[in-house]
Amino acid sequence: MSDSSPLPPVRLHSEAELAREALAAPLVSRAARLARWAGPDTRVGAGGELVQEQLPEAARALGLLVSEGAGETGVEDALAYAGEAWRVAVDAGLVEVVDQEAGTVTVAEDLALLTSGSPHEVLAVWLGALEAVLADASVPDLDDLLDGVDEGADVDFSQLGWDPGAEADFLDAALANLYLLTVSEGGPADSPVPLPAVAASMVVPGDMGRPTNDVLEQVSDLMMRLDDQFRLLEPIGLVAYQPVDEALMADTDDPTEGALTGDDTDVSRYGMVRLTPLGLYGVRARLLEAGFAAPAVGELADKGADALLDGTASFPATAARAETEQWLTRREPLAAARELLAAARGADAGAPLRRLLCQQALSLVGTEAEPALREVLDDAELGGLARVWLSERGAADVPAPSEAMVFWLTIDTVAAQLAAEGNSAELIGLVEGLARQHGGFFEAVWRVDHPATPDVLEAMGRLHPDKRVAKEARKAAFKARSQQGG
């Protein structure tokens, strides 16, 4: 994934809704309870962790232990959950170590933000907690890592095949791929993604057919890593996760083959993961911090029409419409139409797509905008789209376009479609229709005084399936380029 090209825009919940989700996340709730529980007698080790003898008391404060017996969970798990919640409380700034030597702590100022802070401040605390959990999730199982190492021996982790930076990068890449799968046009949106699909996105080329055994083995290994990590990320509210069916793991040597080849219909057994609304917010925040362009729907609502048309040029259709609707709701229709039309002018390479997006935006505006469209009827660049808009609404006294305007609008429209979609099936159909409907089309159109005329005709020659017609288009492109001195 390149950090220079923008990702598809994400639709985020409001900060108030996200803050409520953050406060309800089990790990945040536990960390806050332990921060309130901490007092003058609370002792921590050199790394800020609770000393071992205080873990049972912390677990009881969380309701995980009742007296000396287990509550909702086993004693060992209860102590582990308490230790994890305490680490999050420290790393998220809910408690502060005030004396490293004595190992004493005090409540930090950020704890009050969870009850009296703004939604944005609550989310800032949650992002701090998320960083701590992601760091924990990037650490492999130490028992597995130390298998074969003599007890008490000095450990050189670099010799054990563990690269902390690479582990963190792996998890970041997996979350970025899950984010991309979620926000892409036609993606799963609120539906979970099969875990093998996330693992495969890390190693399988997009053009690969049936995966090889080597690829299946790689995906299987990655899937098991992700299974462990997503289990750790669910309590912070980042993901909703259905783990891999343990019975499936015991039944076969290669648990991913059926999921990737379509031989097993119950794909949910391989694990299902979904970024929660809070998770989308969190992953996007990390992507932005890492330098990626990760837009969100609604960010352009307060900007000018030029920013709207330029910004939505890279958006999928549904996201562009949603962004445009938000932009329009903040403006009076007539003023919005005039601003859009002014921003659509230009002879630069991006102008045809701006005009197409302008036309699509104006389709969402009511008849109150009619005066703005009539004002540009004589404009060489906007007169064609103005006539289309007025005619579609049954307006009276719409002057017929000249042949020159029709051909100019045709070139402009095809140039916009090329910029928006490339060689799509819809564009190929448009090219075929134009050549079929207009007798002598290429002889007339090469003369059109539009900067994109040569490029459009070359594209038509490349796209048209009829060799004779394609040759006519290429000849016309040559004439157009000669006429423009190129």
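Begin by selecting Glu109, which sits in the loop between strand 4 (104-107) and helix 5 (110-116). Glu109 counts as exposed because its relative accessibility is 74%, and together with Glu96, Asp110 and Glu121 it gathers in a patch of negative charge on the surface.

The chain averages a pLDDT of 87, and 86% of the residues score at least 70. Among the elements of the chain, helix 16 (residues 333-344) has the highest mean pLDDT, at 98, whereas strand 2 (residues 69-70) has the lowest, at 50. Where pLDDT is low, the predicted coordinates should not be read in detail.

Next, select Asp190, in the loop between helix 8 (164-183) and strand 5 (193-194). With a relative accessibility of 66%, Asp190 counts as exposed.

Now move to Asp397, which is found in the loop between helix 19 (383-392) and helix 20 (403-421). Asp397 has a positive phi of about 55°, although it is not a glycine, and its relative accessible area of 71% makes it exposed.

The remaining stops concern charged pairs. Side chains of opposite charge can pair when their charged atoms come close. How many salt bridges does the count come to? The count comes to 22 salt bridges.

Select Asp136 and Arg87, whose side chains meet in a salt bridge with an N to O distance of 3.3 Å. This pair links distant parts of the chain, with Asp136 in helix 6 (residues 119-137) and Arg87 in helix 4 (residues 75-91), 49 residues apart. Asp136 is partly exposed at 28% relative accessibility, and Arg87 is also partly exposed, at 35%.

Then select Asp455 and Arg481, where another salt bridge spans 3.0 Å from N to O. Here too the pair links distant parts of the chain, for Asp455 lies in helix 23 (residues 453-463) and Arg481 in helix 24, 26 residues apart. Asp455 has a relative accessible area of 44% and is therefore partly exposed, as is Arg481 with 27%.

Terms used. Residues are numbered from 1 along each chain as its sequence is written. This is a predicted model: local features need pLDDT of at least 70, side-chain atom pairs count only at pLDDT 80 or more; totals for chains, interfaces and linings use all residues. Side-chain values use heavy atoms; hydrogens and water are left out. Patches are made of residues with over 30% relative accessible area and no salt bridge: like charges are joined within 9 Å, nonpolar side chains (Val, Leu, Ile, Met, Phe, Trp, Tyr) within 5 Å. Accessible areas come from the Shrake-Rupley method with a 1.4 Å probe; for residues, only the protein chains shown count as cover. A salt bridge is a side-chain nitrogen of Lys or Arg within 4 Å of a carboxyl oxygen of Asp or Glu. Lys and Arg count as positive and Asp and Glu as negative; His and the chain ends are not counted. The place of a charge is taken as NZ of Lys, CZ of Arg, CG of Asp or CD of Glu. Helices (H or I, at least four residues) and strands (E, at least two) are DSSP runs, numbered from the N terminus. Buried means under 20% relative accessible area, exposed over 50%, partly exposed in between (1.4 Å probe, protein chains only). pLDDT is the predictor's confidence in each residue, from 0 to 100.
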